[in-house]
Amino acid sequence: MRRNWIGGAFGWVWLVIAILPLYFVAITSLKSINTYFGSNPVMPSPKLAFENFTAVLEADFAMYLLNSVLVALGTVIPLVGMAFMASFSIVRSGHRFFSPVRSLFLLGLAIPVQATIVPIYLLIIRMHMYDSLVALMLPGIAFGLPLSVLIISNALRDVPRELFEAMDIDGCTEWQKMWRLALPICQPAIVTVAVYQALMSWNGFLFPLILTQSPDKRTLPLALWSFQGEYATNVPVVMAAVILSSIPIILLYAFGRRYLVSGMTAGSSK
Amino acid sequence: MVSSVDPTAVTSMPGRRRAPGQDAAESSPGAVRSQRERLMTSHVLFALPALLFFLVFAVLPLLGVVVLSFTSWNGIGAIEFTGLVSWKDALTRETTWHGLLLVLFMIAATWLLQTPLSILLGTFLAGQQKYRNVLAVMYFLPMLLSSAAIAITFKSLLDPNFGIPSGLNLAFLKQNWLGDSFLVWVVLLAIIAWQFIPFHTLIYQGAVRQIPQTMYEAAQIDGAGRVRQFFSITLPQLKYTLITSSTLMVVGALTYFDIIFVLTQGGPGKSTRILPLDMYLTGFRGNEMGVASSLAVILVVLGLGLALAVQRLGGKDASASQMEGA
């Protein structure tokens, strides 16, 4: 087979494009402020300065990190649980009640979340939850449901009928079938959904922006944004903050890459 | 619809068989029916939390935004129904039409830029060589960063004095990238491409891998070269994937709010004040929630309309299976 030179060259060019900005972030975060102003921006500093990371850690980083973790967990765990149970009903029940339910969730994929921020703001105020972490979880769960239900119900549809029938003979309830049979089989799909939604929640900017106010309710992206305003002239510190805020999600990616990639591309090539 | 069996009995006894009384009921004449009802009850109960959540925090806001577009509200005080006042306001503002044009331009430009590149990269990554998997891992890294982090990174990276332009010492790179109404769009489109091409590349990679190898073998026997194979086999086979990816790109372009918000705040002047950003600024900075809601309704219609248009362009039969894929 002849080699695909064009594709190959382009593939490597894109690697450089993808990595270069990340390289810039990494080397800049390790420069002292004086080196930053005095050295060539594309060259790493010979003397590594970790003071920027210390500065970020001292600027309430732990609190923002905790907020982000709490919001991610508070979104993903109920979301996955609800999506799994709903998917089970949609796939297992032949009742015609569930056909519109399924369509409703599919339709949800086409809603531009952005367009709903005013009513969500109003709703959260009326529920007396403005400026709380719970306020960030609620819309996150709702808008995460469509894709999660889609992925999990696709996985459930592949479970052989005979397995469920066997459990019928044993006199198991639907509840037992759901947790003892469907859950273990759907585990990969569930991990996919969990990793993907954790990523969405972690990087979310819009809901924290409109639904919170006080500094102690900030999640990392919002904290990063205001941090950049405060440290506008100290770029190395801001770059260190970019790195620290991304480390948890990069770790999650390292753990869930296989699931994440297969989930994001699931079904899109039918 | 609700059977006589206590609904909590079905949901609250994991790890235990049904109560003896229920077994007895099965042998009686109405047993089949009551069992079906019981099944239905448990299924409804399982689906209920998700359904309620979705109705309250997604469907209700979607309907709410239509209602609010007929009101005037400053975000704090009372909400007053004022008929078409907000709509009239929204539709007569120059920023609305400007923002609408900009967002349409952005959708077209991001699509034209990202689609060919994603297809090329996806086809390339679909090869079986091991190093291509390693490349795929690297490609995916930009997807992990938040839009806020990306905007902040590029802001410093493009700094004329301390960023990459000065480091590489190339004259044409030393521009006021974010201060010029044309250059700022070059930057924005490049950043969005950098952030989202990896995702679409992965979609195309998966799709190319599913094309049967025998089709290529047959083409080779017929003497078709690489380029010919790409245009005669790969591209036509990617049709449905193209629809999915394009739908996501088009609807997704309506949500590129955060990156623009952090990078330019709509500036310089109003040159990047796309409609979604205009909507946020009108509502949450200008305290005109009614007008913002009218703008939001325009966004919803635009999103649904564009999604439908892409599906329609791709052929009717595709839409059913593609909704599943999206």
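**View 1. Domains of chain A in the predicted model.** Chain A is divided into domain 1 (1–49) and domain 2 (58–234 + 247–264), with bounds that come from an automatic or database domain assignment. The centres of domain 1 of chain A and domain 2 of chain A, taken over C-alpha atoms, are 34 Å apart. This is a predicted model, in which local features need pLDDT of at least 70 and side-chain atom pairs count only at pLDDT 80 or more, while totals for chains, interfaces and linings use all residues. Residues are numbered from 1 along each chain as its sequence is written, and chains are lettered from A and ligands numbered from 1 in the order in which they are written.

**View 2. Helix H6 of chain A.** Helices (H or I, at least four residues) and strands (E, at least two) are DSSP runs, numbered from the N terminus. H6 (residues 133–157) of chain A has 25 residues and reaches 35 Å from first to last C-alpha, close to the expected 36 Å; the expected span is 1.5 Å times one less than the number of residues. H6(A) bends by about 40 degrees at A:Leu145, and A:Pro146 follows within four residues. The bend is the angle between axes fitted to the seven residues ending at a residue and the seven starting there. Of the 25 residues of H6(A), 21 are buried, so this helix is largely enclosed by the rest of the structure. Buried means 20 or more other C-beta atoms within 10 Å of a residue's own, exposed 12 or fewer, and partly exposed in between, with C-beta atoms placed from the backbone.

**View 3. Helix H8 of chain A.** H8(A) bends by about 65 degrees at A:Gln187, and a proline, A:Pro188, follows within four residues.

**View 4. The side of chain A that touches chain B.** In contact are 87 residues of chain A and 84 residues of chain B, contact meaning C-beta atoms, placed from the backbone, within 7 Å. Helix H1 (residues 5–29) of chain A gives the largest share of this side of chain A, 13 residues. Leaving aside neighbours within four places in sequence, B:Ala50 is in contact with A:Met82, A:Ala83, A:Met85, A:Ala86, A:Leu145 and A:Val149.

**View 5. Two loop residues with positive phi.** A:His128 has phi near 55 degrees and lies in the loop between helix H5 (117–126) and H6 of chain A. A:His128 is exposed, with 8 other C-beta atoms within 10 Å. Phi of B:Asn287 is also near 55 degrees; with 14 C-beta neighbours inside 10 Å, B:Asn287 counts as partly exposed.

Terms used: Contact = placed C-beta atoms within 7 Å.
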